[in-house]
Amino acid sequence: MQTSVLNNGGSANHSPPTDRYDSAMNSTTPIRHISDTAHWVAVYRAQESERADAVFRDPYASKLAGKRGAQIAAAMPFARRHSWSYTARTWLVDQVIERSVREGTDMVINLAAGLDSRPYRMQLPTALRWIEIDLPDMLTYKQEVLAAERPVCTLDRVPLDVRDAAARRALFKQLGVQARGALVVTEGLIIYFDSDDAAELARDLAAPATFRRWVTDLTSPALLQMLQNAIGGPLVEAGSPLKFAPPEGPEFFAPYGWKAVETRSLLHTAAKLKRLSLGMRLLSLLPDPGGRKPNKPWGGVCVLDNCGATRSP
Ligand SMILES: C[S@@+](CC[C@H](N)C(=O)[O-])C[C@H]1O[C@@H](n2cnc3c(N)ncnc32)[C@H](O)[C@@H]1O
């Protein structure tokens, strides 16, 4: 029921958020900074929310996406045609959160939370503790936009550069002591990591035994290549290339303490949710490779259980 910004020594720049966002509006490149991607994906949540048959409703997405989000989305026609993937991802992660909370999760840690508004829009126990972690400017902007709104559970925002390994380990240790059973969420984050960084993050997340479950999106190498060709250019220009797509799929995380217990395809989920064009519907009739066939384009959501950190990256 409360929102607080903790200072954990995040290392990103501390320019006033409005300055950065105003100057970004005047930029000719659609994406200027990795945090712009949060505005961009919020547009697709807003669009889904406006449908009469919406599978989730995010009443804050449009305001949070802002003009910046609309501008980026307008410049990315490929992503617009595939907005079903963002709908499916959000819906799947909502399901995992609901189920985990029913099973006793008392803390949700959303790493690179961006403009996600689940602590405001979902039905959650008031006693649930929700931690949002992102770069300082992103959290300040979000705090300003949502200042008049009340989260349904206890919400803490932690400004932190998650690439700062020492700072994140210290935070994970602190949260690990406070949680009885935590669910970690990463959506739209690890695709920007290289393999070594993803492995190191996985290992750090597995270190606290109370971080029981992790839900993350994942991309196959074949889909990564398609995405790099279709939408990768502006991300490269912004210094945030799309990189991570392990050939072994979710089993990539096993040596670092995470056992894949569920994988769900975005395409097959979008088919079930009736969000696909005819052409994509035909593709969805093919078997789901579960992210384990590197040469098949596959994007999905993986649920991983913590079985203890075992190997250094
Ligand atoms: C594609 S957005 C996804 C946001 C949100 N998870 C969602 O699905 O809507 C990527 C997010 O990662 C955050 N991010 C990227 N690099 C980060 C870093 N090193 N530390 C903290 N947050 C980071 C960005 O600020 C942005 O909010």
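Biologist: Why are α2 and α3 called roughly perpendicular to each other?
Modeller: In this predicted model, where local features need pLDDT of at least 70 and side-chain atom pairs count only at pLDDT 80 or more, totals for chains, interfaces and linings use all residues. The angle between α2 (residues 36-50) and α3 (residues 61-74) is about 110°, and 65 to 115 degrees counts as roughly perpendicular (under 35 is roughly parallel, over 145 roughly antiparallel, the rest oblique). The two helices are therefore roughly perpendicular. Their axes, lines fitted to C-alpha atoms over the stretch in contact, with angles from 0 to 180 degrees between N-to-C directions, lie 7 Å apart.

Biologist: Which residues make the contact between α2 and α3?
Modeller: From α2 they are D36, H39, W40, A42, V43, R45, A46 and S49. From α3 they are A61, S62, L64, A65, G66, R68, G69, A70, I72 and A73. In contact means C-beta atoms, placed from the backbone, within 7 Å. By class, the residues of this contact are 10 nonpolar, five polar and three charged. Here Ala, Val, Leu, Ile, Met, Phe, Trp, Tyr, Cys and Pro are nonpolar, Asp, Glu, Lys and Arg charged, and the others, Gly among them, polar.

Biologist: What makes α2 and α5 roughly perpendicular to each other?
Modeller: The angle between α2 and α5 (residues 84-102) is about 80°, with axes 9 Å apart. That value falls in the perpendicular range, so α2 and α5 are roughly perpendicular. V41, Y44, R45 and E48 of α2 meet Y86, T87 and T90 of α5. This contact divides into three nonpolar, two polar and two charged residues.

Biologist: How do you know that F56 counts as partly exposed?
Modeller: F56 has 17 C-beta neighbours inside 10 Å, so F56 is partly exposed. The scale calls 20 or more other C-beta atoms within 10 Å buried, 12 or fewer exposed, and anything in between partly exposed. Residues are numbered from 1 along each chain as its sequence is written, and F56 sits in the loop between α2 and α3. Beyond neighbours within four places in sequence, F56 is in contact with E48, T90, W91 and D94. The C-alpha atoms of F56 and R45 are 8.3 Å apart, although the two residues are 11 apart along the chain.

Biologist: Why does A112 count as buried?
Modeller: A112 has 23 C-beta neighbours inside 10 Å, and therefore counts as buried. A112 lies in the loop between β2 (107-111) and α6 (118-121). Its phi is positive, about 65°, although A112 is not a glycine. Most residues other than glycine have a negative phi. A112 is also among the residues that come nearest to the ligand, together with S35, A38, G114 and G188.

Biologist: What makes K274 exposed?
Modeller: K274 has 10 other C-beta atoms within 10 Å, so K274 is exposed. K274 is in the loop between α11 (266-272) and α12 (278-283). Phi of K274 is also positive, near 60°.

Biologist: Which helix gives the most to the shell around the ligand?
Modeller: Helix α2 does, with three residues. There are 19 residues around the ligand, a residue being near if its C-beta atom, placed from the backbone, lies within 6 Å. By class the shell has 10 nonpolar, four polar and five charged residues.

Biologist: How many helices and strands does the chain have?
Modeller: The chain has 12 helices and eight strands, which are DSSP runs numbered from the N terminus (helices H or I, at least four residues; strands E, at least two). Of its 313 residues, 45% count as buried.

Note on methods
Contact = placed C-beta atoms within 7 Å.
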